[in-house]
Amino acid sequence: MKLIRQKSSDEEIEAVITSIEEQAKTHGLTDPLIASTDVYVTSICYVGSKSLSHFLSCIERCKDRLLAIGPKSDAARRQIINSVMDYWVDQPGIGINIIDKMLNYTILTPLSVLEWALVDNLAAGSTLAKPHIFEMISATMRKVTNRMRQIVAARTQPTLYEPQLSILDETLKKEKADMLSMFQLIEDTLVPVAGGYSDGMMERTEDDSLQPENAMIQQWGSRWLNVFRRKVAVERAFIDEAMTSAPALGTMAPPAPSLGIDEKTEESKTLEEPPMDVEEMHDTAEID
């Protein structure tokens, strides 16, 4: 925390990070990057806890190191979310706001947010009853669908021609597949919870005292499922309807308009007209 507050060099911070990872290895942790990420992100949260502007300033200074975490380890990337939400456990709204900012910086990916909430911390479905978790997932998917709609708007421009047409079409296909895979992850997680046969809930069925709570969890699963099924249906319909008016692949730009008859005649006259002689110009001047 002291190094971050004092805006120390990367070399000084790296020495501390390396020391933490070495200690994690000695304690038998399979992914020491998770331990160093936890310490690093918690320190950023502490230093930036005065205000959102303080936090964003810390993120700007530490952005390169945070961006480097995800490609090294998906679990460490999700640890960023874990550290933020643990630090702001009493004020989860602030934690969600920070997660949203990290998505904007691409420190986190939408998929990592979904996996953190619905895979790592599902807790037999009880997490579905937490309003801030729904807000986090809903806001994350809103970012995904908004980006999808922007790409669709670009793809359906009537003045779009090759090769930009093919490039945008490939981007659209990729982004649509990614979006649908995220909705599918939500579906695959919620269906067992709503049906009461997820792994966590199967273990809870043996305890009769938990049956009322299990019934409530199933209701929450059904509600979430209805919401996100409607969302994906709306997005599918939007894309299908918008693409009906999109220019077809292979559409080439029209040729440049040719000159009209009058324009050609005028141009030929201009080209054929001989230049005025200097003496003629002098005579004309004397007459005037």
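Which residues in α11 are buried? I list N214, I217, G221, W224, L225, F228, V232, E235, I239 and A242. Buried means under 20% relative accessible area, exposed over 50%, and partly exposed in between, with a 1.4 Å probe and protein chains only.

Ground rules next. I am reading a predicted model, where local features need pLDDT of at least 70, side-chain atom pairs count only at pLDDT 80 or more, and totals for chains, interfaces and linings use all residues. Residues are numbered from 1 along each chain as its sequence is written, and side-chain values use heavy atoms, with hydrogens and water left out.

**Helix α11.** I checked its length. The 33 residues of α11 should span 48 Å at 1.5 Å a residue, and the end C-alpha atoms are 48 Å apart, so the two agree. The expected span is 1.5 Å times one less than the number of residues. Helices are DSSP runs (H or I, at least four residues), numbered from the N terminus. I then looked up the partners: the buried residues of α11 pack against α7 (110-120), α8, α9 (164-195) and α10 (199-204).

**α8 against α11.** I took α8 (residues 131-155) and α11 (residues 211-243) together: their axes come within 10 Å and cross at roughly 5°. That makes α8 roughly parallel to α11, a term for angles under 35 degrees. Axes are lines fitted to C-alpha atoms over the stretch in contact, with angles from 0 to 180 degrees between N-to-C directions. Contact means heavy atoms within 4.5 Å. Among the α8 residues that meet α11 are I133, F134 and I137.

**Aromatic rings.** I found 4 aromatic pairs in the structure. Rings pair if their centres lie within 6.5 Å; planes under 30 degrees apart count as stacked, over 60 as edge-to-face and the rest as tilted. F134 and W224 have ring centres 5.2 Å apart and planes at 80°, so this pair is edge-to-face. F134 sits in α8 and W224 in α11, 90 residues apart. F134 is partly exposed at 28% relative accessibility, whereas W224 is buried at 3%. W224 and F228 have centres 5.9 Å apart and planes at 40°, so I log that pair as tilted. W224 and F228 are 4 residues apart in α11, which means about one helical turn. F228 is buried at 3% relative accessibility. I note F134, W224 and F228 as one aromatic cluster.

How values were computed
Helix = DSSP H or I, 4+ residues; strand = E, 2+ residues; numbered from the N terminus. Parallel < 35°, antiparallel > 145°, perpendicular 65-115°, else oblique. Phe/Tyr/Trp six-rings, centres within 6.5 Å; stacked < 30°, edge-to-face > 60°.
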